[in-house]
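Hi,

Here's the structure I promised to pass along. Have a look at it first, then read on for what turned up.

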Amino acid sequence: MNSKRLPLLPLLPVALLLPLATACGAASGAGGEAGSKTVTVTVGYQSKTINTVTAGTLLRSLGYFEEELAARGKKDGITYKVAWQDYATGAPITAQMTAGKIDIGSMGDFPLLINAARGKELKQPTRLVAVTGYNLRGGLNTVVTAPGSPVRSLTDLRGKKVSTSVGSAADGTLVRALQRAGIDPDKGIRKLNQQPSVGASALTAGSADALSQFVAWPGKLAFEGRATAIYDGAELNLPTFHGVTVRKKFAEERAGVLDAFLAAQRRATDHLRARPVAAAESVAEETGLPAEVVYLYNGANGIATFDPELRPELIAALKEDVPVLKAAGLVDGVDVDAFVDTAPLKRAKQAPSYPKAGAARAELWLKGQSSTRTFDSPKDLLKAAEGADVRAAYVPDALTGTLWFADKAVWVADGSELRAFVTPASAEKYTGGRPGSRIISYADAVGLAS
């Protein structure tokens, strides 16, 4: 894996950490007064950032944390309550954690580093204790533009307005990608610092020429026909992930509660891996996102792999991100080794060992079915889909392996083979090195497969 990191040019940290007044009020993590028999645990999560669902949306809907706390409460003689607080990004979760109002939170890798830095600065140190979902190549972040836009690749973004959330992993992807394309990410584009939903609206309204965002916004917009992908974050070949952070003081005072949370998270992870369609349906119901989009990321061959383990390659990537944020003026520095705490997961004796993600396979979800079918090739999938009542069809990018909707992918005919790509640029890169191969429409791909 290419682990070389390019420097990030300084960015304006506008609204990176929201004022405390913008976050919802949270009950104290210690809960009640000394000697109280009731303890409220406050969990901050991002419902629509769906590769955090095992520590947020899905976990909440399954009730596993409450079950684990009820069992622990019988031993402790304490009644535990959980207050769930939903946010759009990690910044307000960090703001509330550093105010002592959120005990456990989940967020992306770049926000996690900011969480560590702010916690130390404000005397409310935090610790990274688990991972939720990850992609070792960076496929969780995507740059999209409006359908029919003349912008077809990164090089077309010169002088254009690009919406992203400054300080997020999606912003980091944008900056690195622009640098590799020879574009100054500070002066070469007009960056709009916006929340994901605002950026999505700006793209649709035409006030932004492109949008660089994290899961699940690019997939949602593409599925709805409101966006076309122009850059797959997996082209960077740099790991990206989301994780669970906890206030150090809370972890020390309520170690058993943290253990209960991590046990519940593992149960939620087991549920998602064993019943991916059911999990996608559940998350869709809770968030209002299309289940087909949730499954794109969280499915059996989805873009995200779910595993709580603090894998060495993820921690190594986190360390390489520190100078990136430092160059942007967002942190002075972060001691990643001090921030990462592997002890809580090690205490979980029942912890299963999950296999690493393998190569993604084409996958077909028929309407009315509670399971999907996988195929060895995109061509085989298209054959099976012809005439069927298809709910969603997914194919991996031939270069990066990133899963994408079959009817939104860019198709290439290469002899008797059919290959799919997330972006036109990737398809053109492939055909440029394969004489005789050609880009075709989805309809033509279906016809050639039959």
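Two rings of Phe, Tyr or Trp (for Trp, the six-membered ring) count as a pair here if their centres lie within 6.5 Å; planes under 30 degrees apart make the pair stacked, over 60 edge-to-face, and the rest tilted. Keep in mind that this is a predicted model. By that rule, the structure holds ten aromatic pairs.

Take Phe 65 and Phe 261 to begin with: their ring centres sit 5.1 Å apart with the planes at 85°, so this pair is edge-to-face. It links distant parts of the chain, as Phe 65 belongs to helix α2 (residues 64-76) and Phe 261 to helix α9, 196 residues apart. Both Phe 65 and Phe 261 are buried.

Then there's Phe 223 with Phe 405. Here the centres are 5.3 Å apart and the planes meet at 40°, so the pair is tilted. Phe 223 is in helix α7 and Phe 405 in strand β15 (residues 403-405), so parts that are 182 residues apart in sequence get tied together. On accessibility, Phe 223 is partly exposed, at a relative accessible area of 28%, whereas Phe 405 is buried, at 2%. Both also belong to a cluster: ring pairs link Phe 223, Tyr 295, Trp 365, Tyr 394, Trp 404 and Phe 405.

The largest pocket has a volume of about 640 Å³. Its lining comes to 29 residues, and Gly 302, Thr 305, Ala 357, Gly 358 and Ala 360 are the ones nearest the centre. At least two lining residues come from each of β4, α9 (255-274) and β11 (305-306). By type, the pocket lining splits into 15 nonpolar, ten polar and four charged residues.

Most residues other than glycine have a negative phi, and most peptide bonds are trans. Against that background, a few spots are worth a click:

- The peptide bond from Val 215 to Ala 216 is cis, with omega near 10°. Ala 216 is in the loop between β8 (210-214) and α7 (217-223).
- Lys 123 has a positive phi, near 60°, without being a glycine. Lys 123 sits in the loop between α4 (109-121) and β4 (126-135), and it counts as exposed at 70% relative accessibility.
- Asn 237, not a glycine either, has a positive phi of about 55°. Its place is the loop between β9 (228-232) and β10 (240-247). Is Asn 237 buried or exposed? Its relative accessibility is 15%, so it counts as buried, the cut-off being under 20%.

Ser 168 is in the loop between β6 (161-164) and α5 (169-180), buried at a relative accessible area of 7%. Its side chain reaches the backbone oxygen of Ser 165 at 2.6 Å. Not counting residues up to four places away in sequence, Ser 168 touches Phe 110, Pro 111 and Phe 214.

Asp 397 lies in the loop between β14 (390-396) and β15, and is buried too, with a relative accessible area of 4%. A polar atom of its side chain is 2.7 Å from the backbone nitrogen of Leu 399, and the Asp 397 side chain also reaches the backbone nitrogen of Thr 400, at 3.0 Å. Setting aside neighbours within four places in sequence, Asp 397 is in contact with Asp 232, Thr 402, Ala 420, Phe 421, Val 422 and Ser 426.

Cheers

Terms used. Residues numbered from 1 in each chain as written. Predicted model: local features only at pLDDT ≥ 70, side-chain atom pairs only at ≥ 80, totals over all residues. Heavy atoms only, no water. Helix = DSSP H or I, 4+ residues; strand = E, 2+ residues; numbered from the N terminus. Buried < 20%, exposed > 50% of the residue type's maximum accessible area, 1.4 Å probe, protein only. Polar contact = N/O pair within 3.5 Å; in protein donor to acceptor, adjacent residues only side chain to side chain. Contact = heavy atoms within 4.5 Å. 1 Å grid on protein atoms, 1.4 Å probe; cavity = no way out; pocket = protein on both sides within 12 Å on 5 of 7 lines; lining within 4 Å. Points joined across faces, edges and corners; volume = space filled by probe spheres on them. Nonpolar A, V, L, I, M, F, W, Y, C, P; charged D, E, K, R; others polar.
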